[in-house]
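Work through the exercises below with the coordinates open. Each task is followed by a worked solution.

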Amino acid sequence: MNSIGKQVLNALKGEINEIDYQRYIKQLTYDESESKSNLAVFRVPNALIANWVRTKFADKIAHLFEIKTNIKPTVSILIQASSAPTSAQNTAPLNMERPSGSLLNPSYTFQNFVVGDSNNFAFIAAKNVSEKPGVVYNPLFIYGGVGLGKTHLMQSVGNVMLSQGKTVIYTSVEQFLNDFTRHLSNRTMDRFKDKYRKCDLLLIDDIQFLSNKNQIQEEFFHTFDALRNENKQIIITSDKPPKKIGGLEERLKSRFESGLVADIQPPELETKIEIIKKKCEINRVKLDREVINYVATIIENNTREIEGILSKLNAYSQLMGVDITIEFARNVLKEQMAEKRSNITTDLIMETVAKELNIKPSEIRSKSRNSNIVYARRIAIYLSRSLTPNSMPQLAQYFGMKDHTAVSHTMKKIQELMKNDEDFRVKIEELSNKVSVATPE
Ligand code: ADP
Ligand code: MG
């Protein structure tokens with residue numbers, strides 16, 4: 001009799017294409033001893049396959065379990081320790097699930113963090129805190145959008161202190177709450193207090209989820225004060241500044257603001273490029289400059305996408321036994337872009353271009369010969385022709401040009417520029433991705 005894990009993988013075989021099956025699913029082994037009814041553990045040989053399986057197949061796998069057992073488990077894809085080909089540092093999957101409590105991602109270090117204008121302030125603050133915990137800013141409150149490196153930064157401090165033998169707790173609001181409830185019902189609140197009030201560093205990720213949870217706010221407040229009175233460092237992250245977190249007690253807000261509040265902004269193109277290079281280095285993926293630039297234009301602000309893209313490129317290139325050229329990358333990632341591009345209109349392009357180049361949308365369609373406006377108009381025409389189904393005569397009419405030859409002339413001009421000027425090409429690609437991102441779903 002096959003294990004339930006094997007049965008599920010067999011069932012999955014019938015639902016996905018042969019290549020995906022051979023390439024990924026065949027590499028999975030079900031870890032029977034680690035699995036429970038609500039947790040299915042699989043092992044894979046490396047981080048890239050792990051990432052790929054997590055993003056593409058984990059949901060399907062969970063669903064197939066549910067069909068067979070009536071319980072939908074959490075699917076955990078872990079790296080096989082024994083067959084890991086490189087050092088722990090290199091194979092550490094960057095978004096791997098962690099057992100509850102304290103474990104930190106070992107690759108979330110200051111060294112692996114790329115500093116740019118967008119995150120410089122938070123980086124320096126975190127660095128200072130790691131050098132003088134409990135002294136400089138307590139708490140350190142880091143806020144910013146999804147995937148901008150908040151967890152990475154807070155865990156960097158954690159990894160520094162861990163290496164010094166300090167006690168570090170990394171937790172989410174949810175874990176803190178679960179822990180609290182469990183200890184409460186087991187009547188072991190002493191142990192709860194010991195755990196959270198006796199550590200050297202408490203990292204609480206995504207504190208915005210504290211919103212409207214009154215009982216746990218109360219408990220967190222006391223934990224916070226106990227730690228701070230002992231000069232133990234607290235680092236908090238959130239998707240918004242303390243003031244803007246709704247349903248949060250005033251006294252907590254003022255505590256959060258009493259140390260240092262540091263924001264992280266979306267990365268500039270150059271920072272994105274450096275982050276991709278760093279991720280390539282860590283994951284041992286080789287990409288040339290052109291491909292790196294291209295990937296940088298595809299990702300939006302969420303840096304998390306990078307790993308998925310790298311793993312996709314790497315897997316395909318291994319499968320086909322070819323190098324990752326720019327044509328190859330475009331092809332592989334085409335689908336990703338196509339999905340985003342289905343609803344683009346000329347109006348949207350005009351608005352996006354105008355906003356990016358700091359002019360009014362109406363100026364783009366005006367007869368102005370001002371060089372900035374002409375430049376913007378050409379780009380808008382080029383993007384409209386590339387990203388929408390409009391014909392050249394339609395575009396000529398829309399942009400107030402004499403006839404379609406004027407549009408054709410503009411297209412040639414821009415194409416030539418893109419061929420000869422890499423910076424310009426990157427800018428155009430970035431703009432076209434911005435348009436795609438602005439598209440209503
Ligand atoms: P957040 O917690 O803000 O949602 P994460 O810290 O989880 O974001 O970051 C998402 C991914 O992007 C992680 O793999 C992280 O290592 C990477 N990342 C984000 N910013 C940077 C950066 N400045 N340098 C290197 N990697 C980064
Ligand atoms: Mg995070």
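The model is predicted, so local features need pLDDT of at least 70 and side-chain atom pairs pLDDT 80 or more, while totals for chains, interfaces and linings use all residues. Residues are numbered from 1 along each chain as written, and side-chain values use heavy atoms, without hydrogens and water.

**Exercise 1.** Determine how helices α8 and α10 are oriented to each other.

Solution. Helices are DSSP runs of H or I with at least four residues, and strands are runs of E with at least two. The axes, lines fitted to C-alpha atoms over the stretch in contact, come within 11 Å for α8 (residues 173-185) and α10 (residues 214-229) and cross at roughly 95 degrees. Angles of 65 to 115 degrees count as roughly perpendicular, so α8 and α10 are roughly perpendicular to each other.

**Exercise 2.** Classify the ring pair Tyr24 and Phe57.

Solution. Rings of Phe, Tyr and Trp (its six-membered ring) pair if their centres lie within 6.5 Å; planes under 30 degrees apart are stacked, over 60 edge-to-face and the rest tilted. By this rule there are 17 aromatic pairs. For Tyr24 and Phe57 the centres are 6.3 Å apart and the planes at 45 degrees, so the pair is tilted. Both Tyr24 and Phe57 are buried (under 20% relative accessible area with a 1.4 Å probe, protein chains only).

**Exercise 3.** Classify the ring pair Phe42 and Phe65.

Solution. The ring centres of Phe42 and Phe65 are 6.2 Å apart and the planes at 65 degrees, so this pair is edge-to-face. Phe42 lies in strand β2 (residues 39-44) and Phe65 in helix α4, so the pair ties together parts 23 residues apart in sequence.

Terms used. Chains are lettered from A and ligands numbered from 1 in the order in which they are written. Axes are lines fitted to C-alpha atoms, for helices over the stretch in contact, and angles run from 0 to 180 degrees between N-to-C directions. Angles under 35 degrees count as roughly parallel, over 145 as roughly antiparallel, 65 to 115 as roughly perpendicular and the rest as oblique. Buried means under 20% relative accessible area, exposed over 50%, partly exposed in between (1.4 Å probe, protein chains only).
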